[in-house]
Amino acid sequence: MKDSNDPVEPGKAADKAAGKAVGGAKGPDELRRQIQETRGQLGDTVEELAAKADVKARARARGAELKGKASEAGHAVQDKATEAGHVVQGKAVEAGHVVQDKAVQAGHVVQDKAVQAGHVVQSRATQAGHAVQDNVPQPVRTAVTNAVQAGKRHPRPVLIAGAGVVVAAGLLRRRHNGHRHNGRH
């Protein structure tokens, strides 16, 4: 059941008020009260109709509401994107550290292998040097040692003699290669 303060559809408020008046007011005071009540109902009805008719105000209110919701959604998306960016950056840094650690480990392995190979080559060179030294006759070793010591004391004659040996070796090679070349034709 409707309360007397509830808004009534336009037209029905007037009919209702008229029905009460026709239904009989029991005196002028009752009639005045009914008229005041009807005026109040009509005033409420007019205000409701005016609010419904103000399309611009309703559109502005709805626009403001939608703008607020869109702004909230935009902020939520921005926050999620920022968070995702931080996650990706963290994973990239972590992956970079893993790659760097593996590269350092690989570098250590290569370095260890190179050191081992260097020791092997050095050991074999030392063995070869000892083998040559052991197989060279003592008079030749003594002559070489004396020549090296003399070269240290007087380097100029040794350099001249060395240059002469190089020139002589070059001439011998030319002569030797020339005979082979001529023999082929």
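Helices (H or I, at least four residues) and strands (E, at least two) are DSSP runs, numbered from the N terminus. With that in mind, the protein chain reads α-α-α-α-α from the N terminus on, and its secondary structure comes to five helices and zero strands. The structure is a predicted model, in which local features need pLDDT of at least 70 and side-chain atom pairs count only at pLDDT 80 or more, while totals for chains, interfaces and linings use all residues. Residues are numbered from 1 along each chain as its sequence is written, and side-chain values use heavy atoms, with hydrogens and water left out.

The predictor's confidence in each residue is given as pLDDT, on a scale from 0 to 100. The protein chain averages a pLDDT of 80, and 83% of the residues score at least 70. Confidence is lowest in helix H1 (residues 12-22), with a mean of 50, and highest in H2, with 89. Over residues 1-5 the pLDDT stays under 50, and the model has five contacts (heavy atoms within 4.5 Å) beyond four places in sequence for them.

Next comes the surface. Accessible areas come from the Shrake-Rupley method with a 1.4 Å probe, and for residues only the protein chains shown count as cover. The protein chain has an accessible surface of about 15,700 Å², and carbon and sulfur atoms account for 61% of that. A residue is called buried under 20% relative accessible area, exposed over 50%, and partly exposed in between (1.4 Å probe, protein chains only). Of the 185 residues of the protein chain, 4% count as buried.

Which residues of H2 are buried? They are Gln34, Thr38, Gln41 and Thr45.

Charged side chains also have a story to tell. Side chains of opposite charge can pair when their charged atoms come close. A salt bridge is a side-chain nitrogen of Lys or Arg within 4 Å of a carboxyl oxygen of Asp or Glu, and a search of the whole structure finds five. In one of them, Asp29 meets Arg32 at 3.1 Å, N to O. Both lie in helix H2, three residues apart, about one turn of the helix, and both are exposed. Arg33 and Glu30 meet at 2.9 Å, N to O, and they too lie in H2, three residues apart. Arg33 counts as partly exposed because its relative accessibility is 43%, and Glu30 is also partly exposed because its value is 27%.

In helix H3 (residues 55-135), Arg62 and Glu65 lie three residues apart, about one turn of the helix. Their closest N and O atoms are 2.9 Å apart in a salt bridge. Arg62 is partly exposed, with a relative accessible area of 44%, and Glu65 is partly exposed at 39%. Elsewhere, salt bridges that share partners join Glu30, Arg33 and Glu37 into one network.

Finally, Val140, Val144 and Val148 form a nonpolar surface patch with about 240 Å² of accessible area together. Patches are made of residues with over 30% relative accessible area and no salt bridge, with like charges joined within 9 Å and nonpolar side chains (Val, Leu, Ile, Met, Phe, Trp, Tyr) within 5 Å. Val140 lies in helix H4 (residues 138-153) and counts as partly exposed because its relative accessibility is 42%.
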